[in-house]
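Let us walk through this structure step by step, beginning with a single residue and widening the view from there to the chain as a whole.

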Amino acid sequence: KKKTDFQKKKKLKVRVTPTFFVYRDGALFKTTTGVNENNLKAALDEALGGGGGSAAAAGATTEEAAAA
C-alpha cells in the first residue's frame, strides 16, 4: 500500500501534507496546502462561484461548503 500511496503522491506532485485539490466541473481548479482553514474555505468559495452568499463565506464547515 505504501508504494501505491507514493506513486499517487508523485503523480499528483504532492510535496506537502495535507494537500487539497479543488475540482470544478471535473477539472482541477485550485490546490491548497497545509492546515489553514481560511485558505481552504477561500479555495472552496472561489470554486463554488464566490460571492458573499456562499456556504464558506457564511461560516459553514469545510464539509458543508464542499457539499453546497
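Leaving aside residues up to four places away in sequence, Thr19 touches Val14, Thr31, Thr32 and Thr33, where a contact means heavy atoms within 4.5 Å. This is a predicted model, in which local features need pLDDT of at least 70 and side-chain atom pairs count only at pLDDT 80 or more, while totals for chains, interfaces and linings use all residues. Residues are numbered from 1 along each chain as its sequence is written, and side-chain values use heavy atoms, with hydrogens and water left out.

Thr19 belongs to strand β1, strands being DSSP runs of E with at least two residues and helices runs of H or I with at least four, numbered from the N terminus. With a relative accessible area of 18%, Thr19 is buried, a term that means under 20% relative accessible area with a 1.4 Å probe, protein chains only. A polar atom of the Thr19 side chain lies 2.3 Å from the backbone oxygen of Val16.

Strand β1 (residues 19-24) runs antiparallel to strand β2 (residues 27-33), and 6 bridges join them; strands count as paired if DSSP finds at least two bridges between them. Within this arrangement Phe21 stands opposite Thr31 of β2. The two strands, β1 and β2, form a hairpin with 2 residues between them, and Asp25 in the turn has a positive phi of about 55 degrees.

Across the protein chain, the secondary structure amounts to 3 helices and 2 strands, arranged along the sequence as α-β-β-α-α. Of its 68 residues, 21% count as buried.

How values were computed. Buried < 20%, exposed > 50% of the residue type's maximum accessible area, 1.4 Å probe, protein only. Polar contact = N/O pair within 3.5 Å; in protein donor to acceptor, adjacent residues only side chain to side chain.
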